[in-house]
Amino acid sequence: MALSLPASAWALSARVSGIEGEAADNIENYLAGLEGEQYSPARLEAEARRRAAEALRPFGYYEPQFELSLVGEPVTRVDIAVTPGPQVVVRRLAISVRGEAGGDEAFEEVLAAHGLAEGEPLRHAPYDRLRNRLAGLALERGYFDSYFRDRRLEVRPWEQSAHITLTFDSGPRYRFGEVDIQGSHIRLDRLERMLNFAPGDPYLAGDLSEYTQRLGQSGWFESVSVRPRLPGEEGGASPDGPEEVPVSVHLTPADRHQFEVALGYATDVGPRTHFSWNQPWINSRGHSLNHDLFISGPEQRFTGEYRLPLADPLRDSYRLQYGLRHRDQDDTRSLESSVELARQWRFENDWVQSLYLRSSFEDFTQGGEAERVWLLYPGISWSRTRTRNPRFPTWGDRQRIAFEYSDTSWGSSASFFRSTLDSQWIRMWGANTRLIARTGVGVIETSDFDKIPPSLRFFTGGDRSVRGYGYESLAPRNDEGRLRGGRQLFTASGEIQRRVTGNWWAAAFVDTGDAFDDWWPETLNTGAGLGIRWVSPVGPIRLDIAHPFDDEENAWRLHFAIGPEF
């Protein structure tokens, strides 16, 4: 039986002395490609000397001396002692940009930070970076006729000197031409309002990327292609015409009906099913219609949303939301129907402002007390969600603050002022430690608390609030010991996760909070525990065991859930 090894098994390793840092690493990299069995000892030594000398030139060493030792039979390692010799110094430096780019601030910033200077040791890397950056920046900013008038790196080893000459001629800067949109089922005036540039504006490749992103975020299209027709291409700028770049936009409509089914499980609600029917566009104006059906043991919910985009479809819209909700959980029985009309603004900083008017009818029994109430109340909210890697965020945060007001003077069954604040943060500490913090605050001021439905009262406890306690089991109780719900709410949580291996993480956490009537309670209910996290193909799976410090009947409670934090 014969044993054959791939050629890489005989690749040489190198041990370098006499020089350190990047120069030594570069020698090792250059010698790593040698295969000892392919050379005689004399040829191998000559090739090693040649490669080592070549590896030192980018650092300004043009006259090095080497002492080599070949180790092994066949040779598996080269020991090389380096005497680098004098380092070449930049004696003359002439770098200039001509043409319209000479007054372009972006080019001025590049020239101010290139890292080359007369009297400093020569290094090839800054010179190569500058040359490539000038050429790349010209394409990014529309200097399509640019070229190097002069590009020389003259090295004189006998003088230990180098002369660098780099003359870049940008020529004229091209401007955006007409935008041709093909394949759209949405009215062109809607898409044109989304443009972030206009014909005649200076060309900038980043503007095309941003427009592509805007079209993709609309949800109207399955595929989006935005590309310039550059000089020399068919339909591009003519050599004898104005310096303009026409833009071609090719679109493919998204499926008009999109369906999704999701199954899950959480200790709070048990098995759960979520079905969604999304229509990202229902007419040429880009209106959309979405429906969701959520089913679990204690709660069933059907919701719909009709969205009417305005002049800026990504930032301004009207939304009509409606839904039915049934709850049967512990001391809560409720059937709610609601309709909400909202005007929404999305700002440049990603905050979303929503001004809305909500009407709801709720037939409920809370803690043995039954009521039927109709409420009409305006509200305003601000929210923002930011995340990287939504499946298992390594960075993100979510905030929401809302104020709502109802009054019997316009027919509502109860008068109240209600405000809520929720905040959650995820950050990484190094590559393997994940920190999570969250807090929630709520208050409702009313003299008609008996007519406030369960959907507006405060309860806490469970997988996503205070672990160690049952789902929404923390709230004031009536004389019969049944849950009544609270006028105020406070929760806070801190969690640290540490990667064990791959997609497995260990977690430790402390949660505290309560719902109450008198601000503030003497003590908060607190739970702490340990858990594991698995980032599975279907989403994060969380398993926690928590100890409630204020529950004498239950020493431990298990919490299990599937799905991301946001």
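Two strands pair if DSSP finds at least two bridges between them. Strands (E, at least two residues) and helices (H or I, at least four residues) are DSSP runs, numbered from the N terminus. The model toured here is predicted: local features need pLDDT of at least 70, side-chain atom pairs count only at pLDDT 80 or more, and totals for chains, interfaces and linings use all residues. Residues are numbered from 1 along each chain as its sequence is written, and side-chain values use heavy atoms, with hydrogens and water left out.

**Helix H1**

Select residues 22-31, which form helix H1. Ala23, Ala24, Asn26, Ile27 and Leu31 are buried there, where buried means under 20% relative accessible area, exposed over 50%, and partly exposed in between (1.4 Å probe, protein chains only). These residues lie on the same side of H1 because they cover an arc of only 160° around the axis, the arc being that of the directions from the helix axis to the C-beta atoms. An α-helix has 3.6 residues a turn, so residues three or four places apart point the same way. Next, colour Glu22 and Asn29, which are exposed on the other side of H1.

**The sheet E4-E6-E5**

Move to the open sheet of 3 strands, whose order is E4-E6-E5 and whose pairing is mixed. Strand E4 (89-98) and strand E5 (147-156) are the edge strands, each pairing on one side only. On average, neighbouring strands of this sheet are turned by 5° against each other, direction ignored; axes are lines fitted to C-alpha atoms, for helices over the stretch in contact, and angles run from 0 to 180 degrees between N-to-C directions. E4 and strand E6 (residues 161-169) run parallel and are joined by 9 bridges. To locate this pairing, select Leu93, which stands opposite Ile164 in E6.

**A nonpolar surface patch**

Now show the surface of Phe259, Val261, Leu263, Phe275, Trp277, Leu293, Ile295, Phe302 and Leu324, which make a nonpolar patch of about 870 Å². Strand E10 (258-266), strand E11 (270-279) and strand E12 (288-296) each supply at least two of its residues, and the largest share, 3 residues, comes from E10. Leu293 is found in strand E12 and counts as partly exposed, at 33% relative accessibility.

Select strand E15 (residues 332-346) and strand E16 (residues 352-366), an antiparallel pair with 15 bridges. Leu341 stands opposite Leu357 in E16. This hairpin has 5 residues between the strands, and Asp350 takes a positive phi near 75°. Continue to strand E17 (residues 369-388), which pairs with E16 in the antiparallel sense over 15 bridges. Which residue in E17 is the bridge partner of Phe361? The partner is Trp374. In the turn of the E16 and E17 hairpin, which has 2 residues between the strands, Gly367 has a positive phi of about 65°.

**From E18 to E20**

Finish with strand E18 (residues 395-406), which runs antiparallel to E19 and is joined to E19 by 11 bridges. Here Ile401 has Leu421 in E19 as its bridge partner. E19 is also joined to E20 by 13 bridges, again antiparallel, and Phe417 stands opposite Glu445 in E20. The hairpin of E19 and E20 has 3 residues between the strands, and Gly430 in the turn has a positive phi of about 75°. Ala431 is found in the loop between strand E19 (416-429) and strand E20 (433-445). Is Ala431 buried or exposed? Ala431 is exposed, with a relative accessible area of 56%.

Key: Patches are made of residues with over 30% relative accessible area and no salt bridge: like charges are joined within 9 Å, nonpolar side chains (Val, Leu, Ile, Met, Phe, Trp, Tyr) within 5 Å. Accessible areas come from the Shrake-Rupley method with a 1.4 Å probe; for residues, only the protein chains shown count as cover. A salt bridge is a side-chain nitrogen of Lys or Arg within 4 Å of a carboxyl oxygen of Asp or Glu.
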